[in-house]
Amino acid sequence: MQQKPDTPKGRKSPKLKRMGLHERAAARMRTMIIRGELPPGSQTQETKLSKELGVSRTPLREAMKVLAAEGLIELRPNRSPRIADIAVEDISELFEALAGIERLAAELAAERATERDLARLRTLQTRMEGHHRNGKLDDYFAINGEIHNTIVRMARNTPLREAHETLISRAERARYLALGAAKRWSNSVDEHANILAALEARDSEAAGRLLGAHVRQTGIALLETLALKPKLTAA
């Protein structure tokens, strides 16, 4: 006798496929927003975005709901969604909170990281420095974010990691804009090297202090950058 499939044909698969589409669309749109390809204050054009992302309007709208929850898109009744502005008044509080979370994460990581964890971090640091030397900002930014996430995971504290994931999605666009300043980019490389050294030395106090200061400085650099580009903060 032929065994019946666990799930009836035609039910679960389409749902999973659609979820995959909207998640991929959200990831691509998130990158476009972070890199300024979809600038703050601009209205989204469903037809154009659907074609560019290779999805229909239904998964596109689901993707926009995800990004709206992250504060990157504003959904407006009877009007096209728009790319959210970077609110200057929220920057200080956001990076203050991130600095606190990452400081604690670094303190715990210095105590709990395995040698394999540290080796992984050294590899990422080397790659990031190479991208900096070659002027590859997008590649640098991707590795930079991976380093921060790796340190948080090294803390081995689930509530801490979940809190970080919630806030970091709101800060990605701001971090990218801040790193666009040449001086901040160079300073960031040096700061990361010092953080790695403290983690390798198992110096939890220094690791926490350095990473906390690093995150706060990124917020300060962003505010300075926004002061030169007032159009990004328009209501």
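Biologist: Where is Arg-202 found?

Modeller: This is a predicted model, in which local features need pLDDT of at least 70 and side-chain atom pairs count only at pLDDT 80 or more, while totals for chains, interfaces and linings use all residues. Residues are numbered from 1 along each chain as its sequence is written, and side-chain values use heavy atoms, leaving out hydrogens and water. Helices (H or I, at least four residues) and strands (E, at least two) are DSSP runs numbered from the N terminus. Arg-202 is found in the loop between helix 8 (182-200) and helix 9 (204-228).

Biologist: Is Asn-78 buried or exposed?

Modeller: Asn-78 lies in the loop between strand 1 (73-74) and strand 2 (82-83), and its phi is near 60°, a positive value in a residue other than glycine. Buried means under 20% relative accessible area, exposed over 50% and partly exposed in between (1.4 Å probe, protein chains only). Because its relative accessibility is 84%, Asn-78 counts as exposed.

Biologist: How far from Arg-173 is the nearest side chain of opposite charge?

Modeller: Happy to look: Arg-173 is in helix 7 (residues 158-179). A salt bridge needs a side-chain nitrogen of Lys or Arg within 4 Å of a carboxyl oxygen of Asp or Glu; Lys and Arg count as positive, Asp and Glu as negative, and His and the chain ends are not counted. Arg-173 is buried yet has no salt bridge, and the nearest oppositely charged side chain, Asp-85, is away by 6.6 Å.

Biologist: Which residue's backbone oxygen does the side chain of Arg-173 reach at 2.7 Å?

Modeller: Among the residues that Arg-173 touches are Ile-83, Ala-84 and Ile-86, with contact meaning heavy atoms within 4.5 Å. At 2.7 Å, the side chain of Arg-173 reaches the backbone oxygen of Ala-84.

Definitions and conventions: A polar contact is a pair of N or O atoms within 3.5 Å; within protein, one must be able to donate a hydrogen and the other to accept it, and residues adjacent in sequence count only if both atoms are side-chain atoms. Lists of a residue's contacts leave out its neighbours within four places in sequence.
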